[in-house]
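Please consult the sequence and the structure shown below while reading.

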Amino acid sequence: MIPIRHNANLPVGSKPLDCIWLSLILIFVSAKALACPLELPVATISINGHALTVELATTPKARVCGLSKRVKLPENHGMLFIYPNVGQRTFWMKDTHIPLSIAFLDDSGRILSIQDMTPMQTDERYHSLQPVRYALEINQGWFAAHGIGVGDIVEMKLPVVIVIR
């Protein structure tokens with residue numbers, strides 16, 4: 001007969017399988033808390049009379065997540081990246097399944113450049129050509145389809161209370 005000994009690391013009366021399940025649940029919940037996409041505040045912006053519903057990426061975590069892990073983006077929807085200061089910005093498409101266009105905007109919302117981005121690749125980087133405060137990502141081709149280009153102004157009516165970090 002083989003003696004059964006209690007593992008001092010397990011609560012008395014618990015079964016090893018119970019502890020394994022509990023551990024897996026805790027790992028899943030922890031991963032979910034860190035996972036993209038995040039629930040973000042939403043606002044409506046417009047460019048030359050064309051309205052867009054945008055999620056507002058105002059924190060470092062929200063800006064890192066961006067639109068990654070999404071498999072679709074509804075028509076006339078996007079994400080507005082808002083930075084606490086003006087600076088050079090660089091984007092990539094790691095874990096992003098959707099072909100996107102990005103517009104880099106100055107403090108006044110003027111479009112300084114527009115670039116098309118290729119999904120699911122990490123080699124190419126998309127840089128602002130000059131310091132910017134905002135970047136706007138939308139479905140690829142949306143700007144061209146609506147006749148929007150460099151020099152156009154993005155009209156933003158952002159929520160009064162948003163935290164920008």
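Helices (H or I, at least four residues) and strands (E, at least two) are DSSP runs, numbered from the N terminus. On that basis, the chain contains three helices and nine strands. The model is predicted: local features need pLDDT of at least 70, side-chain atom pairs count only at pLDDT 80 or more, and totals for chains, interfaces and linings use all residues. Residues are numbered from 1 along each chain as its sequence is written, and side-chain values use heavy atoms, with hydrogens and water left out.

**Order of elements**
- Along the sequence, the elements follow the pattern α-β-β-α-β-β-β-β-β-β-α-β.

- Seven strands form an open sheet in the order 6-5-8-3-2-1-9, and their pairing is mixed; two strands pair if DSSP finds at least two bridges between them.
- Strand 6 (111-117) and strand 9 (154-156) are the edge strands, each pairing on one side only.
- Strand 2 (residues 50-57) and strand 3 (residues 77-87) run parallel and are joined by five bridges.
- Within this part of the sheet, Val54 stands opposite Gly78 in strand 3.

**Burial, contacts and surface**
- Of the 165 residues in the chain, 38% count as buried, meaning under 20% relative accessible area (1.4 Å probe, protein chains only).
- Contact means heavy atoms within 4.5 Å; among contacts in the chain between residues at least 6 apart in sequence, 70% join residues at least 24 apart.
- The chain has an accessible surface of about 10,100 Å², of which 60% belongs to carbon and sulfur atoms; this area comes from the Shrake-Rupley method with a 1.4 Å probe.

Key. Buried < 20%, exposed > 50% of the residue type's maximum accessible area, 1.4 Å probe, protein only.
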